Amino acid sequence: MDHHFARTEMLPPQAPPITERGAVKWLRENLFSTPFNIALTLFGVATIYYLISSSLPWWLNSVWNASSLSECRAIVEASAGEGATGACWAMIREWWGAFIFGFYPPDQWWRPILAFGFLFAALAPVLFAGQAGNLTKVLGAVGLFLLLTLYLSAAPATVFILAILLVGGMLALAQLRPGQLLLFTALYPALCFWLLWGGSIWSPIVAMAGFGVLYAVFRFASPFIGLSPAAGAGVLAAVLWWLYLDVPVVGALQSILPFGLQAINSDQFGGFLLAIVIGVTGISFSLPIGILLALGRQSDMLIVKTLSVGFIEFIRGVPLITLLFTASLLLQYFLPPGTNFDIILRVIILVTFFAAAYLAEVIRGGLAALPRGQYEAADALGLDYWRAQRLIILPQALKISIPAIVSTFIGLFKDTTLVAFVGLMDPLKGVTQIVRADINWKGIYWEPYIFVGAIFFLICFGMSRYSMYLEKKLKTDHR
């Protein structure tokens with residue numbers, strides 16, 4: 001006799017047990033899964049409670065409007081009782097100009113504001129290549145930033161009009177021909193130098209003409225003597241242009257068409273203006289130099305390899321402080337008599353070399369991580385050395401090296417505070433010491449360091465998030 005059972009109707013789904021769902025499950029799996037994890041969780045909660053209970057009154061009793069530290073303390077005692085403590089952020093209200101611009105003349109603050117806004121406009125075509133939507137958003141944000149900050153800094157009306165016209169033109173170009181925005185990126189270093197340091201407008205134009213001389217000599221000589229000798233001849237011609245013809249040509253053009261901005265000396269730079277100028281310039285120039293050094297270290301040419309290895313090992317073996325003192329004191333002795341080489345430019349050169357040496361090793365690690373088949377594939381396609389590097393090898397090596405490259409950039413930006421040891425007014429030590437020496441704010445301690453640290457964190461966190469975005473964008477192996 002055949003006996004069997006078959007369900008004729010499905011039972012309604014039941015909710016899982018309370019221990020297997022919701023917050024209880026999350027707490028059990030993430031905080032209290034083992035006795036050791038329970039101990040760590042309790043220790044962490046106790047630490048967080050201690051930190052918050054100790055510092056929260058100090059934050060809640062903050063004073064934002066006062067003329068001295070003693071007035072801040074009086075306001076805190078009046079509102080929170082005798083013996084209470086509170087942060088005195090009124091110091092930031094009074095000294096924010098020094099933290100941001102150093103001793104830059106207040107009536108010229110619109111110049112670093114323009115340079116800072118145009119910095120993002122110049123970076124946008126590089127960071128968001130081929131993305132018209134993101135380019136439009138960045139340029140729109142740049143336009144709003146310039147309108148607001150130029151109004152707050154009481155900039156002249158002509159500056160407003162020129163800034164709006166330039167950003168508007170770039171927005172139109174981003175919709176029609178986004179690739180053409182790279183031309184502004186190439187011209188931005190000269191524009192930024194002129195805005196920040198001022199002087200004759202012909203100085204950056206004639207300096208940029210040196211690159212035109214390099215390109216013209218290279219194109220003319222390459223059919224006759226080959227690519228590498230032609231490149232060397234072009235570099236030599238550009239150096240001769242900058243050493244012997246730059247100043248006379250600038251003087252002649254200035255006498256014909258005198259136009260310029262008020263000159264600003266380097267000792268008037270300071271605060272985050274100084275940190276951003278050194279950091280951004282060092283980051284921009286250290287990457288291509290680091291790539292060339294990494295390729296030179298792997299080269300089969302004995303002299304190129306020896307020079308690259310010697311440069312990398314020497315720079316990596318010397319502390320950055322030593323290089324900064326070299327830039328401040330010794331570099332001037334190796335220049336021709338009467339040469340006035342700006343101290344900030346000297347520091348930028350040494351900081352760039354320092355970062356380039358570390359980047360070279362980072363990129364060499366990326367090159368070494370590539371399988372040999374990639375090099376053989378480039379050879380099989382018949383590509384020459386530079387095309388193989390540009391089209392096949394370097395894109396993959398740089399993608400692998402993105403986290404380490406960004407870490408080097410973040411370290412470089414934070415190391416800009418070391419320029420205080422060569423007399424420049426960095427935001428952390430230089431400006432803070434001046435603030436604490438003010439008789440009205442003598443005795444203040446935590447507030448300036450917290451303010452400077454918060455701005456450094458925002459900038460470095462932004463670089464970190466962009467590197468994560470870039471990693472996701474370039475991840476093509478579907479891991």
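Biologist: How far is the sulfur of Cys 460 from the closest cysteine sulfur?

Modeller: It's 19 Å from the sulfur of Cys 192, so that is too far for a bond; a disulfide here is a pair of cysteine sulfur atoms within 2.5 Å. Keep in mind that this is a predicted model, where local features need pLDDT of at least 70, side-chain atom pairs count only at pLDDT 80 or more, and totals for chains, interfaces and linings use all residues. Residues are numbered from 1 along each chain as its sequence is written, and side-chain values use heavy atoms, leaving out hydrogens and water.

Biologist: Is Cys 460 buried or exposed?

Modeller: Cys 460 is buried, at a relative accessible area of 11%. Buried means under 20% relative accessible area, exposed over 50%, partly exposed in between (1.4 Å probe, protein chains only).

Biologist: Okay, how many disulfides are there by this rule?

Modeller: The count is one disulfide. Cys 72 and Cys 88 form it, with sulfur atoms 1.9 Å apart. The link is right-handed, with 60° about the S-S bond.

Biologist: And which cores are there? What residues touch the most other members in the largest nonpolar one?

Modeller: Of its 74 residues, Leu 114, Leu 146, Leu 150, Phe 269, Ile 344, Val 347 and Leu 367 do. A nonpolar core is a set of buried Ala, Val, Leu, Ile, Met, Phe, Trp, Tyr and Cys residues joined through side-chain atoms within 4.5 Å. A second, separate core has 30 residues, including Val 76 and Phe 413.
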